[in-house]
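Here is a friendly briefing to keep beside you while you look through the structure.

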Amino acid sequence: MTDVVRPGGVSRRTFIKGVVAAGAVATSAGYLLRTTLIGQGGVPAGAVERLITLNVNGRDRRVDVMPQETLAMTLRYKLGLTGTKIGCDRAECGACTVLLDDVPRYSCSVLTHMARKKRITTIEGLAAADGTLHPVQQGVVEEQGFQCAFCMPGFVMAAVGFLKTHPNPTRDELAHGVSGNLCRCQDYDKILTALARGAELMRRG
Amino acid sequence: MAAIHDVMPMFTLYQPESVDDALRLLDRLGAGAWTMAGGLDSFDWLKDRTKRTAAVVELGNVAELSVIREVDGGLEIGATTTLTEVAQHPIVRERFGLLAEAAGLVASPQIRHQGTLGGNVTQDARCWYYRAGWPCYRAGGNICYADTPTAINREHAILHADRCVAVSPSDTAPALVALDASLVIRRLGGERIVAAQDYFVGPGRDITRMTVLEPGELLTAIRIPATWAGAEFYFEKVRDRQVWDFPLVNVASALKVSGGRIQSMRIAVGAVAATPVRLMAVERAVAGQPRTRETAEMAGRLAVEGAVTLAHNGYKVPLMRNLVARAIRGAGAATT
């Protein structure tokens with residue numbers, strides 16, 4: 001994918017990432033403190049810290065996370081992984097789907113602290129280090145499965161997670177597997193064709 | 001309601017790693033604690049600012065709460081076992097397929113991977129007037145916005161309404177009632193066991209809550225006795241879309257049939273009242289009867305006796321009547 005370069009020479013994507021990085025530096029100092037305690041008597045078992053380590057796309061990332069922060073917010077606005085989209089922010093559309101320990105989950109409805117001990121995989125973590133696309137991504141490219149594609153990262157992550165446990169699905173089974181994702185362009189038929197193509201490419205290896 | 005805010009208002013988060021630590025926290029925080037399992041009910045309230053909390057006790061790290069084990073021929077399912085795990089567990093599928101089927105029909109795949117059995121039965125009412133923050137009876141006010149001449153109340157109750165007309169939105173709750181399950185509730189230094197149908201609270205008893213859980217208490221497990229293992233089960237959920245949606249009506253039944261006659265049955269219906277409704281009159285009426293279309297239709301008519309409809313939910317009466325009849329005739333006869 002290429003970024004649209006705006007006047008001034010900075011693409012929108014690069015600009016957002018720069019802002020995100022600057023914010024992380026400015027806010028990460030001084031939050032090693034425990035969160036507020038209710039009552040007296042020291043730190044109760046189970047109290048959480050704000051500066052935590054997340055395993056994202058195979059890398060450990062230190063990040064300052066508020067207790068009420070959702071994983072979608074942390075990924076997009078703290079770690080700059082803007083491939084994960086926020087659609088409804090209510091577990092009703094699937095655009096924010098990521099994998100936690102290989103299982104598709106709505107990142108808008110997971111507290112980041114809930115993901116602390118899990119492997120987080122986002123759309124940015126699917127391609128190989130040399131840039132080779134994941135078979136499901138390749139299927140999407142070959143079949144041109146999406147119109148506006150806002151929902152695409154969520155669909156691709158849901159499909160990748162589903163195919164890990166159901167490598168050889170029928171079209172109906174695949175549709176059921178990605179039924180937790182909505183497409184407002186109503187492009188479902190082409191999306192299924194693209195994802196089925198991805199499944200086929202995965203089976204070929 | 002659907003506006004996107006900046007995450008949620010601040011709360012203190014606790015992530016205990018044992019039931020004992022969780023109970024100590026709940027005891028210490030009392031009514032100020034918000035217990036969170038999958039979080040899918042909680043996040044709506046907190047993001048919309050219709051309910052607030054100063055402290056959340058999140059149970060995802062309590063490994064002992066998500067264990068399924070066999071007990072006396074039955075099963076004990078930890079309260080934070082996910083709906084996917086319940087739906088796919090080999091023993092649940094083999095002996096208590098009713099529950100596996102109900103769990104597999106909840107919401108969407110992603111929600112089933114995260115939502116828990118305990119959360120599915122403990123979730124709050126989904127009446128949109130209540131969820132949107134209107135000051136209704138259930139929210140402590142003195143009016144029901146869903147039961148006014150211009151209200152939109154297609155999803156609301158036809159049975160046992162008392163001022164509030166919200167319904168129980170759970171799919172697994174009727175299945176657990178039909179399986180004669182009991183729920184294990186612990187508090188610091190104590191435990192009580194509650195029959196599934198007694199876990200739920202209707203508005204006539206307490207209009208501001210859905211379950212008997214008190215502050216400081218934690219639902220730790222669901223026990224299913226061997227009584228109905230391998231019985232003939234029927235579960236059906238009717239909803240607008242085949243994914244995400246809560247039931248318009250659902251039905252769960254367990255039958256023991258011998259020589260074409262119904263020996264015994266347990267049956268419960270969801271989304272028609274504020275609690276799952278066990279149809280004891282139907283259970284008594286069909287015991288010993290031949291399993292025929294006539295018996296099924298008699299049971300259906302009996303099931304909806306006393307139903308009171310609102311402006312837009314009249315369809316629920318024939319829907320419930322037919323689902324009860326189908327539950328008695330079984331999957332083989334369901335389409336005729």
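The domain bounds used here come from an automatic or database domain assignment. On that basis, chain A is split into domain 1 (12–31 + 51–125) and domain 2 (135–204). Please keep in mind that this is a predicted model.

**Chain A at a glance**

- Chain A holds six helices and five strands.
- If you walk along the sequence of chain A, the elements come in the pattern α-β-β-α-β-β-β-α-α-α-α.
- Of the 205 residues in chain A, 40% are buried.
- Among the contacts in chain A with a separation of 6 or more, 56% are between residues 24 or more positions apart.

- Domain 1 of chain A puts 14 residues in contact with 14 residues of domain 2 of chain A.
- On the side of domain 1 of chain A that touches domain 2 of chain A, β3 (97–100) and β4 (103–106) of chain A supply at least two residues each.
- With three residues, β3(A) gives the most to that side of domain 1 of chain A.
- By residue type, the side of domain 1 of chain A that touches domain 2 of chain A has eight nonpolar, four polar and two charged residues.

- The strands β3(A) and β4(A) pair over four bridges, in the antiparallel sense.
- One residue pair to look up is L100(A), whose bridge partner in β4(A) is V103(A).
- Two residues lie between the strands of this hairpin, and D101(A) takes a positive phi near 50 degrees there.

**Helix α4 of chain A**

- Helix α4 of chain A covers residues 152–165, which makes 14 residues.
- From its first C-alpha to its last, α4(A) reaches 20 Å, close to the 20 Å expected at 1.5 Å a residue.
- Is α4(A) largely enclosed by the rest of the structure, or largely open? Twelve of its 14 residues are buried, so α4(A) is largely enclosed. A residue is called buried if 20 or more other C-beta atoms lie within 10 Å of its own.
- The buried residues of α4(A) include M152(A), P153(A), F155(A), F162(A) and L163(A).
- Which elements do the buried residues of α4(A) pack against? They pack against β3, β4, α3 (135–143), α5 (171–177) and α6 (188–204) of chain A.

**Chain B at a glance**

- Chain B has 13 helices and twelve strands.
- Along its principal axes, the C-alpha trace of chain B spans about 60 × 50 × 35 Å.
- A compact globule of 336 residues would have a radius of gyration near 20 Å, and the 20 Å of chain B agrees with that.
- Buried residues account for 53% of the 336 residues of chain B.
- Taking contacts in chain B between residues at least 6 apart in sequence, 65% join residues at least 24 apart.

**Where chain A meets chain B**

- The contact draws on 31 residues from chain A and 34 residues from chain B.
- Several elements of chain B each supply at least two residues of the side that touches chain A: β1 (12–14), α1 (19–29), α2 (42–48), β3 (55–58) and α6 (109–114).
- The largest share of the side of chain B that touches chain A comes from α6(B), with five residues.
- In makeup, the side of chain B that touches chain A has 19 nonpolar, nine polar and six charged residues.

Methods. Residues numbered from 1 in each chain as written. Chains lettered and ligands numbered in written order. Predicted model: local features only at pLDDT ≥ 70, side-chain atom pairs only at ≥ 80, totals over all residues. Contact = placed C-beta atoms within 7 Å. Nonpolar A, V, L, I, M, F, W, Y, C, P; charged D, E, K, R; others polar. Rg over C-alpha atoms; globule rule 2.2 N^0.38 Å. Expected span 1.5 Å × (residues − 1). Pairing = 2+ DSSP bridges.
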